[in-house]
Amino acid sequence: MRILVIFAVFATVLTVLYKWRYKLLNMVLAFALLRKISVVISMNMPTIKDKILPKLFNKQVEQQA
């Protein structure tokens with residue numbers, strides 16, 4: 001019975017977090033320190049870095065040419 005209650009609470013928390021994910025993300029990123037930390041962490045992930053950086057630099061090169 002205890003495991004069932006824990007599972008129900010966990011599922012409810014996940015559902016609420018998923019439903020309000022963009023509002024929660026905006027609240028977290030409103031703080032400059034948390035925004036800087038999130039950028040540093042995401043830029044340390046190779047897949048994100050490989051996908052974002054080339055797009056940013058290609059747009060700048062196209063505008064100058």
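Met1, Leu4, Val5, Val9, Phe10, Val13, Leu14 and Leu17 make a nonpolar surface patch of about 830 Å². Patch members need over 30% relative accessible area and no salt bridge, with nonpolar side chains joined within 5 Å; a salt bridge is a Lys or Arg side-chain nitrogen within 4 Å of an Asp or Glu carboxyl oxygen. The model is predicted, so to speak of local features takes pLDDT of at least 70 and side-chain atom pairs 80 or more, while totals for chains, interfaces and linings use all residues. Numbering starts from 1 along each chain as its sequence is written, and side-chain values use heavy atoms, leaving out hydrogens and water.

**Fold**
- The protein chain has four helices and zero strands (DSSP runs of H or I, at least four residues, or of E, at least two).
- Along the sequence that reads α-α-α-α.
- Val9, one of the patch residues, is found in helix H1, residues 2-19.

**Surface**
- Buried residues come to 0% of the 65 in the protein chain (buried is under 20% relative accessible area, exposed over 50%, partly exposed in between).

**Thr15**
- Thr15 also lies in helix H1, and it counts as exposed because its relative accessibility is 52%.
- Its side chain reaches the backbone oxygen of Ala11 at 2.7 Å.

**Rings**
- Arg21 puts its charged end over the ring of Tyr18, 4.1 Å from the centre (CZ of Arg within 6 Å of the ring centre and within 35 degrees of the ring normal).
- Aromatic pairs number zero across the whole structure (ring centres within 6.5 Å).

Definitions and conventions: Patches are made of residues with over 30% relative accessible area and no salt bridge: like charges are joined within 9 Å, nonpolar side chains (Val, Leu, Ile, Met, Phe, Trp, Tyr) within 5 Å. Accessible areas come from the Shrake-Rupley method with a 1.4 Å probe; for residues, only the protein chains shown count as cover. Buried means under 20% relative accessible area, exposed over 50%, partly exposed in between (1.4 Å probe, protein chains only). A polar contact is a pair of N or O atoms within 3.5 Å; within protein, one must be able to donate a hydrogen and the other to accept it, and residues adjacent in sequence count only if both atoms are side-chain atoms. Rings of Phe, Tyr and Trp (its six-membered ring) pair if their centres lie within 6.5 Å; planes under 30 degrees apart count as stacked, over 60 as edge-to-face and the rest as tilted.
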